[in-house]
Amino acid sequence: MPVPLSSHVVLVSSRFRFPEQRLLFPKARLFLDRIELSGWKLQKKVFQEIHLHQVTQVDWHMDDDTAFDVALHLDDGETVRLALPEATTWKHTLEERLRWSAPDRTTVSTTWPQPDLPLDELVTYTTSLG
């Protein structure tokens with residue numbers, strides 16, 4: 001069965017860091033329906049997929065002296081903490097995406113992120129919002 005095109009649209013992509021462990025070549029990518037975290041630890045590939053419907057709360061700590069910028073609280077009780085070099089872009093884009101998928105789930109800012117997608121992907125993205 002073919003994978004829907006919307007699952008390939010990357011909204012934001014950047015390096016990241018887990019506060020408790022180091023990875024080589026870490027990459028965090030926000031898709032329409034999920035966040036993918038990948039990297040290498042010695043000779044082993046690390047991959048974690050977080051579906052947005054699993055996220056129950058998002059805590060941002062960009063102005064604090066904490067070791068992480070965002071804490072994603074999942075419905076199974078797990079908390080994923082990430083340090084992101086482009087935390088502001090992630091904040092705006094992730095909050096808007098969560099608001100579109102479940103408006104009553106999380107408090108979001110009212111500012112719009114700057115579009116950083118090519119036109120064809122932006123059209124696919126906006127038409128997928130329903």
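The dialogue below turns to aromatic pairs, charges over rings and salt bridges.

Guide: This is a predicted model, in which local features need pLDDT of at least 70 and side-chain atom pairs count only at pLDDT 80 or more, while totals for chains, interfaces and linings use all residues. Residues are numbered from 1 along each chain as its sequence is written, and side-chain values use heavy atoms, with hydrogens and water left out.

Visitor: How many aromatic pairs are counted?

Guide: A pair of aromatic rings is described by the distance of the centres and the angle of the planes. Rings of Phe, Tyr and Trp (its six-membered ring) pair if their centres lie within 6.5 Å; planes under 30 degrees apart count as stacked, over 60 as edge-to-face and the rest as tilted. By this rule there is one aromatic pair. The ring centres of F16 and F18 are 5.0 Å apart and the planes stand at 85°, so the pair is edge-to-face. Both F16 and F18 are buried (buried means under 20% relative accessible area, exposed over 50%, partly exposed in between, with a 1.4 Å probe and protein chains only).

Visitor: Which ring has the charged end of R34 over it?

Guide: A charge sits over a ring if NZ of Lys or CZ of Arg is within 6 Å of the ring centre and within 35 degrees of the ring normal. The charged end of R34 is placed over the ring of F31, 3.9 Å from the centre. R81 lies over the face of F68, with 5.5 Å to the ring centre.

Visitor: How many salt bridges does the whole structure hold?

Guide: A salt bridge is a side-chain nitrogen of Lys or Arg within 4 Å of a carboxyl oxygen of Asp or Glu. The search of the whole structure finds five. In one of them, D33 joins R34, with the closest N and O atoms 2.8 Å apart. D33 is partly exposed at 34% relative accessible area, whereas R34 is buried at 9%.

Visitor: Where do E49 and R34 lie?

Guide: The side chains of E49 and R34 form a salt bridge at 3.4 Å, N to O. E49 belongs to strand 4 (residues 44–51) and R34 to strand 3 (residues 34–41), so the pair ties together parts 15 residues apart in sequence. Strands (E, at least two residues) and helices (H or I, at least four) are DSSP runs, numbered from the N terminus. A network of salt bridges links R29, D33, R34, E36 and E49.

Visitor: What separates K91 and E95?

Guide: K91 and E95 are four residues apart in helix 1 (residues 87–101), and therefore about one helical turn separates them. Their salt bridge has its closest N and O atoms 3.2 Å apart.
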